[in-house]
Amino acid sequence: MDEPSEDTKSASVEELLPILGQPSSRRTMLKGAGAALGLAAFGGAVWPLISIPENVSVDEFLQQHYKELSDQDKEKVFTRLEEEAKEDYGADVTISDQLPIPGVKFGYAINLSKCNGNGKCMEACSEENNHHRGVDQSYIRVLEMQKGSMNMEHGNTTYDHTVPQDDKFYMPVQCQQCDNPPCVTVCPVEATWKEDDGIVVVDYNWCIGCRYCEAACPYHARRFNWEQPEIPAEEVNPDQGYLSNRIRPQGTMEKCHFCLHRTREGRMPACLEACPTGARVFGDLNDPESDIVWILKNKRVFVLKEELGTKPSFFYFFDS
Amino acid sequence: MSQDAAQLPLLPHRPRHVQSYPRFLWWALSESTNGSVAFYTWMVALTAVFLVGANAWAVQVADGMIVTNMTDHVSWGLYIANFTFMVGLAAGGVMMVIPAYLYHDKKMHDVVILGELVAIAAIVMCLMFVVADLGRPERFWHMIPGIGRFNWPMSMLTWDVLVLNGYLVINLHICGYLLYTRFLGRKPKAKWYVPFVMLSIFWAISIHTVTAFLYCGLGGRPFWNSALLAPRFLASAFVSGPAFIILAMRVVRIVMNLNFPIEPANTLIRIIRVAMCVNLLMLGSELFTLFYSGGGHAATGQYLLFGLHGHYGLVPWMWTSIVLNIAAAILFFMPAALERSSVRIAACVFCIVGIWIEKGMGLIIPGFIPSTLHEIVEYSPSLIEWKVTIGIWAFGLLILTLMFKITGAVYRNSPVDDSESDFA
Ligand code: SF4
Ligand code: SF4
């Protein structure tokens, strides 16, 4: 009566397994115990997740998208982030929110005849932008290219000999701030977007870390925070922007932002200031008097991978 | 609970759903927790493996994705590879639905629910793989339309979220409805499920097409940026999906002592034969375009098949896949494949593994190698990634087992007279 439709095969093993032969109330109890044990085991297995409530405050969890934050919200958020920087990194930082200057559209150009591959721009980028010190992180990669070829396949980013080599030229690549940016199109949650001055930014507190944008970017410009960045307190750059160089949380995407916390205040990007050769030219594409516009008018400039239709705001040229 | 553990409770002739539906659920719950020693052992083993995976995932969330072997160069790995394969598995179930409902294949009609159940388990696994790949899973709510910011229709990933969840809901409805009416001993009403079945045919095509668009829409990745990608996805789905279902039917038939006709499986074999040829043809055409014109686009193909600049990471994977696929094709064309033979089982296993590699390690990873700046950084999954992956597979098999068990019990207990065939 207990198991009317169990077939004979399983009926014969019933005696072997105590749970099957039990009267139904006992069996229900055993099942309950089994379920409880299973749940306990599951709880134990996912125990490391306890770090989420430890590290992610309720305010952070509920924080809205950057574009939906009122000025008061922003103030609260920035204060919270400053406190967290103090707590986690022991650094006193100020987080600000520089807005695009109306009418300005930034552009960048690199003189490949001057660049000698010394890599100072990469170092400056790392320091300015509070990059994780564990790895040689920076938003810039310098390709050592074979003279006589523009094919990146013959390039090399991991050279460690003295520069410049006679048969080589050097080509720094960073975010091209595309006017038709594939990284923005693909983001499922609008965590990355193009600002009015042409800079493509990421809201590090909104990004879910799917890395679709990293797959979409044709210039290897995006970087993922595979772990919580480590920076000694004395090396933290305290002058931080919410959408730019503040210390990024683990598990989110970041990228070059043309140092918007500097450039929107009229200063130059850190990589440009660090470049000893003067290969870098930065400025407002809408200002007819700017150096960058002079370059575009007077040099034969080109962009990388033009055929992809990404419309970069980042240009390359050679002297004459 | 004693008497209703396996036998269906007696219900009044016109039951009220508010009462009978909870009874159905309760019955299903007890059915899924009662079974033989083998059943308990199997379930406990799957649960244990799943827990290992859950633990690995928890570690990944806590310590960051540094515990995986993914890098800024190869930014998607084993998870997205499995995700892609699973979408194919889910879409493949439709190859039972089409003969059953469009061509009124009566015998296929009797077992079509197995294909739909496989689809449900596969989609659940898909969603788990996507979540496992997120750097910030606790922010998933940013994707919920209304409270988050859902970048639809621009982002292909949002389309994928929609079609996958839609497919899950459609199949849950179809299977749930069929089982429930069977449980009540009633004929299912065509209007309550046939329209959804028809919808699921288009939907199945859409889930795999949209998933292919996810990759082939990226202009910066020449290896993916091919118009053939979506058709190739479908062709391989129509191999791996039916092959998996054939295996599942074999297991169900033996373990649950059910009498299946052989014809549905043979129909599936004939479908696989065609799909397999189409798949190999398209692969050949891709390889021709890649290598004959040469140039930068050939670099990935070169890396995959022969190695590039001293990097050979994917070469063994790729050749294993090619050999398995060709061996499976040969086996499928042997007459013995149409019998209940080990040839058929071997062919199914070969092509499942072959396509798992082809759609995963052979498609997702090489999209990143060489990188967009032509750097070569290799990738092979870390232990944590394997644990999470196997854990998700175990969970998928767990729910598949339960669904099959409940279905088997419902069908065994209320062998409805062949009434369903009159729906159309
Ligand atoms: S270079 Fe890459 S990250 Fe920068 S805007 Fe273009 S696609 Fe986006
Ligand atoms: S990683 Fe972040 S920014 Fe990039 S697509 Fe995903 S959510 Fe958007």
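## Charges over aromatic rings

In this predicted model, the charged end of A:Arg246 lies over the ring of A:Tyr242, at 4.1 Å from the ring centre.

## Aromatic pairs and an aromatic cluster

A pair of aromatic rings is described by two quantities, the distance between the centres and the angle between the planes. Over all chains, the count of aromatic pairs comes to 41. One of them joins B:Tyr215 and B:Phe233 in a tilted arrangement, with 6.2 Å from centre to centre and 50° between the planes. This pair links distant parts of the chain, since B:Tyr215 belongs to helix 7 (residues 190-216) of chain B and B:Phe233 to helix 8 (residues 229-256) of chain B, 18 residues apart. Both B:Tyr215 and B:Phe233 are buried.

In chain A, one aromatic cluster is formed by A:Phe106, A:Tyr108, A:Phe169, A:Phe258, A:Phe282, A:Phe302, A:Phe314, A:Tyr316 and A:Phe318.

## Surroundings of the ligands

Ligand 1 is surrounded by 14 residues, of which the closest are A:Cys175, A:Gln176, A:Cys178, A:Cys183 and A:Cys217. Divided by class, the shell around ligand 1 holds 10 nonpolar, 2 polar and 2 charged residues.

The shell around ligand 2 consists of A:Cys187, A:Pro188, A:Val189, A:Thr192, A:Cys207, A:Ile208, A:Gly209, A:Cys210, A:Arg211, A:Cys213, A:Arg222 and A:Met253. By class, 8 of the residues around ligand 2 are nonpolar, 2 are polar and 2 are charged.

## Positive phi angles in chain A

A:Arg211, one of the residues around ligand 2, has a positive phi of about 65° although it is not a glycine. A:Arg211 is placed in the loop between strand 6 (200-202) and helix 9 (212-216) of chain A. Its relative accessibility is 1%, and A:Arg211 therefore counts as buried.

A:Glu190 is likewise a residue other than glycine with a positive phi, here near 55°. The loop that holds A:Glu190 runs between helix 8 (182-186) and strand 5 (192-194) of chain A. With a relative accessible area of 26%, A:Glu190 is partly exposed.

## Cis peptide bonds

A cis peptide bond leads from A:Val163 to A:Pro164, with omega near -10°. A:Pro164 lies in the loop between strand 3 (141-146) and strand 4 (168-173) of chain A.

In chain B, the peptide bond from B:Ile369 to B:Pro370 is cis, and its omega is near -5°. B:Pro370 is located in the loop between helix 12 and helix 13 of chain B.

## Helices 9, 11 and 12 of chain B

Helix 12 (residues 342-359) of chain B has 18 residues, so at 1.5 Å a residue it should span 26 Å; the distance of 25 Å between its end C-alpha atoms agrees with this. Its buried residues are B:Val343, B:Arg344, B:Ala347, B:Cys348, B:Cys351, B:Ile352, B:Gly354, B:Ile355, B:Trp356, B:Ile357, B:Glu358 and B:Lys359. The elements that cover these buried residues include helix 3 (78-92), helix 8, helix 9 (263-292), helix 11 (315-332) and helix 13 (383-413) of chain B.

For helix 9 of chain B, 30 residues at 1.5 Å a residue should span 44 Å, and the end C-alpha atoms, 43 Å apart, agree with that expectation. Helix 9 of chain B is followed by B:Gly294, whose phi is positive, near 65°. B:Asn325 is part of helix 11 of chain B and counts as buried because its relative accessibility is 5%. Apart from its neighbours within four places in sequence, B:Asn325 is in contact with B:Met276, B:Cys351, B:Gly354, B:Ile355 and B:Glu358.

## B:Ala58 and its contacts with chain A

B:Ala58 lies in helix 2 (residues 37-63) of chain B. Its relative accessibility is 0%, so B:Ala58 counts as buried. Leaving aside neighbours within four places in sequence, B:Ala58 is in contact with A:Ala45, A:Val46, A:Pro48 and A:Leu49.

Along the chain, B:Ala58 and B:Pro195 are 137 residues apart, and 41 Å separates their C-alpha atoms.

Conventions: Residues numbered from 1 in each chain as written. Chains lettered and ligands numbered in written order. Predicted model: local features only at pLDDT ≥ 70, side-chain atom pairs only at ≥ 80, totals over all residues. Heavy atoms only, no water. Near = heavy atom within 4 Å. Nonpolar A, V, L, I, M, F, W, Y, C, P; charged D, E, K, R; others polar. Phe/Tyr/Trp six-rings, centres within 6.5 Å; stacked < 30°, edge-to-face > 60°. Helix = DSSP H or I, 4+ residues; strand = E, 2+ residues; numbered from the N terminus. Buried < 20%, exposed > 50% of the residue type's maximum accessible area, 1.4 Å probe, protein only. Lys NZ or Arg CZ within 6 Å of the ring centre and 35° of its normal. Expected span 1.5 Å × (residues − 1). Contact = heavy atoms within 4.5 Å.
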